2 protein chains.
Amino acid sequence: MVQPNLAARETERRDVPVPAATAGAVDFGPLANWIGFHLRLAQNASFQAFARRANGIDLRPGRFATLMLIGRNPGISQTALSRANRRDKSSLTPVLNDLARRKLIKRARDTEDRRSYRLMLTPAGEATLAKLTECAKEHERRLDELLGARDRDRFLEVLRRLIAGLPARGNGHSR
Amino acid sequence: MVQPNLAARETERRDVPVPAATAGAVDFGPLANWIGFHLRLAQNASFQAFARRANGIDLRPGRFATLMLIGRNPGISQTALSRANRRDKSSLTPVLNDLARRKLIKRARDTEDRRSYRLMLTPAGEATLAKLTECAKEHERRLDELLGARDRDRFLEVLRRLIAGLPARGNGHSR
DNA sequence: GCGCAATAGTTTGGTACAAAACTATTCTGC
DNA sequence: GCAGAATAGTTTTGTACCAAACTATTGCGC
């Protein structure tokens with residue numbers, strides 16, 4: 001807990017004015033109780049744990065939601081997908097290019113509105129999605145272990161409240 | 001509940017053989033109940049809400065934690081800081097360069113170990129930190145409104161459990 | 001002392017994202 | 001029908017991050 005001085009090892013060192021920082025403990029100040037900070041850490045930890053689990057597969061968690069949304073909504077447009085996934089549509093272009101290059105999705109021009117694409121999974125995409133879904137289920141099971149089923153539900157509900165209640169980019173007043 | 005103003009206004013388009021995707025509702029499948037997905041959305045929303053609030057100031061939320069940790073731990077080294085902030089040390093270099101360029105922090109070589117720097121705030125850095133802290137307090141108050149004080153505490157506790165329980169990069173045994 | 005492992009920080013290369021400017025197509029008012 | 005607004009997607013630019021390779025300094029074994 002409280003540090004033995006690493007200075008004392010040597011013979012008498014000079015009385016250096018070392019603050020706690022250099023030793024073990026770091027003072028987080030108000031950070032220690034702030035939601036935002038912990039949200040970042042938790043999201044990060046969850047993301048990395050999932051990525052580690054899905055390591056055998058060639059896709060990272062960011063792509064997973066994309067694949068799932070396409071699989072569940074065949075024919076969806078890029079704009080609708082980007083809204084559902086809460087990512088800017090411009091972020092989607094390179095992701096979809098990559099997924100198409102790997103033959104996991106197909107992009108067909110909409111015959112009625114030739115501006116849009118209609119996205120859908122290829123059989124290979126379905127298979128990859130199934131594998132990732134399995135990884136995600138295990139991941140969620142791990143989270144359930146950590147949280148317990150009852151806490152988990154409340155936790156999810158609170159997350160939803162935050163998501164709905166905080167003004168996202170254009171939210172609050174559409175222009 | 002959460003019915004963002006999608007383009008649902010003009011739902012009655014022509015009699016296109018449209019799957020649900022193109023119209024208003026998107027099927028999220030299992031995503032709708034997965035913690036990881038909602039963590040990402042919540043973190044994102046919180047981050048953006050904070051950034052919006054701190055708009056007058058020239059610093060974004062990423063820098064805020066850095067400044068706070070330096071302010072609370074004067075003389076801290078870059079490595080210790082990166083560990084506390086859970087960011088790779090290489091990410092820190094450009095951030096600190098920028099903060100130093102703006103005269104918000106000072107970097108002094110440690111006289112006893114000339115490899116390390118000892119970081120501390122300048123008076124301008126203290127002032128900026130104070131302003132940001134005020135923004136963060138308001139932000140947290142907003143979160144409290146959304147969550148209620150009781151839920152908030154449980155929520156924070158659950159976040160901590162996640163952070164501690166999920167294997168971070170090198171985690172499992174820190175030295 | 002001398003070499004070698006460990007440590008502090010930087011550099012390089014790559015990924016993921018957003019915002020704004022751009023192209024192509026469709027819709028609306030008249 | 002045609003000018004201009006709206007919409008779908010792409011490109012460009014800039015930020016934040018990580019991981020691995022690198023430099024400089026320190027500590028360790030002998």
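How many residues does the contact take from chain A and from chain B? In this predicted model, local features require pLDDT of at least 70 and side-chain atom pairs count only at pLDDT 80 or more, whereas totals for chains, interfaces and linings use all residues. Residues are numbered from 1 along each chain as its sequence is written, and chains are lettered from A and ligands numbered from 1 in the order in which they are written.

The contact (C-beta atoms, placed from the backbone, within 7 Å) draws 64 residues from chain A and 65 residues from chain B. On the side of chain A that touches chain B, two or more residues come from each of H1 (35-53), H2 (61-72), H3 (78-85), H5 (123-147) and H6 (149-165), helices being DSSP runs of H or I with at least four residues, numbered from the N terminus. H1(A) contributes the most to this side, with 15 residues. Its composition by class is 38 nonpolar, 16 polar and ten charged residues; Ala, Val, Leu, Ile, Met, Phe, Trp, Tyr, Cys and Pro count as nonpolar, Asp, Glu, Lys and Arg as charged, and the others, Gly among them, as polar.

DNA strand C is surrounded by 21 residues, a residue being near when its C-beta atom, placed from the backbone, lies within 6 Å. The closest are A:Ser90, B:Gln78, B:Ser90, B:Arg115 and B:Ser116. At least two residues of this surface are supplied by each of H4 (89-101) of chain A, H3 (78-85) of chain B and H4 (89-101) of chain B, with H4(B) giving the most, four residues. The surface near DNA strand C comprises three nonpolar, nine polar and nine charged residues.

Methods:
Two residues are in contact if their C-beta atoms, placed from the backbone, lie within 7 Å.
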